[in-house]
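The sequence and structure come first, and the description follows.

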Amino acid sequence: NHVELRTELEGKGHRFRGHSDTEVILAAYAEWGPACLGRFNGMWAFALLDLRSRQVFAARDRFGIKPFYYRLSAEAFQFGSEIKAVRALAGSGVEVNDTLVADFLTAGTVDATNETFHKGVLQLPAAHYMKLDASGATLTRYWSLDLSNEDSRPLPVLVQEMHDLFEDAVRVHLRSDVPIGTCLS
C-alpha cells in the first residue's frame, strides 16, 4: 500500500525523489518509527540503518511471506533474503544444525523456530522486528492474529468485510514496477 502511504506522508511534509516503495518505507519509519509496520499492507522484509538512534532496524511481514535470514556474531551482522547469501558472507564458518535436521527427518518439523538447517543462521520470525545496537539484538512481535471471536456484528457484515479485505489485498499485491505474468503448469 505504498501509494496510499506516500499520499499520507506527503500530506505530513515528506518529499520523494522517485516512485519506489523503498522511499515510502524510509519516510514511514522516519515519521512513525516501528509503529509504521502496523500501517503496511503487503509483503516485505527489510533492514535499515537508523543513524540517529545508532541501530539497525529489521522487519518481516505479518505472515513471513518474504524471507529474512541473518547471522549475528561478535564481528558482524550479516543478512539476506536467502541463506546462501548469509553463508557466503560467513565464509566457511557455518555448520549443519544437526538437531534441526534430525527434527525435520523424524517429525517433518520445519519453521517451528527461528533456527535454520545452518548453525548460527536464523530467520527473523513473521510479524517481528529486530533492533540491533551496541548492546545486542532484541526481537519484538508487532502483530498477532486476533482469534478471540468477540465480534458481535452480523455474519453477512463480517463476510462482506472479509471479501473487501481480500479483494484489496489482491489488488495491492498485483502492483508492480514491471509487467506481470502468470503461468500455470
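Which exposed residues does the face of H3 turned away from its buried side carry? They are Lys84, Ala88 and Leu89. Exposed means over 50% relative accessible area, buried under 20%, and partly exposed in between, with a 1.4 Å probe and protein chains only.

The model is predicted: local features need pLDDT of at least 70, side-chain atom pairs count only at pLDDT 80 or more, and totals for chains, interfaces and linings use all residues. Residues are numbered from 1 along each chain as its sequence is written, and side-chain values use heavy atoms, with hydrogens and water left out.

Helices (H or I, at least four residues) and strands (E, at least two) are DSSP runs, numbered from the N terminus. Helix H3 spans residues 83–90, and its buried residues are Ile83, Val86 and Ala90. These cover an arc of only 65° around the axis, which puts them on the same side of H3; the arc is that of the directions from the helix axis to the C-beta atoms. Strand S3 (69–72) and strand S4 (77–80) are included in what covers the buried residues of H3. In the loop between S3 and S4 lies Glu75, which is exposed at a relative accessible area of 71%. Glu75 is 77 residues from Ser152 in sequence and 53 Å from it in space, C-alpha to C-alpha.

**Helices H1 and H2**

The axes of helix H1 (residues 2–11) and helix H2 (residues 21–32) come within 10 Å and cross at roughly 50°. That makes H1 oblique to H2, where angles under 35 degrees count as roughly parallel, over 145 as roughly antiparallel, 65 to 115 as roughly perpendicular and the rest as oblique. Axes are lines fitted to C-alpha atoms, for helices over the stretch in contact, and angles run from 0 to 180 degrees between N-to-C directions.

The contact (heavy atoms within 4.5 Å) involves, among others, Leu5 and Leu9 of H1 and Val24, Ala27 and Trp32 of H2. The buried residues of H1 are Leu5, Arg6 and Leu9. They fall within an arc of 105° seen down the axis of H1, so they line one face of the helix. These buried residues pack against H2, while the face turned away carries exposed Thr7 and Gly11.

**Positive phi values**

A glycine with positive phi is listed for each of two helices.

| Helix | Residue just after | Phi |
|---|---|---|
| H1 | Gly13 | about 100° |
| H3 | Gly91 | about 70° |
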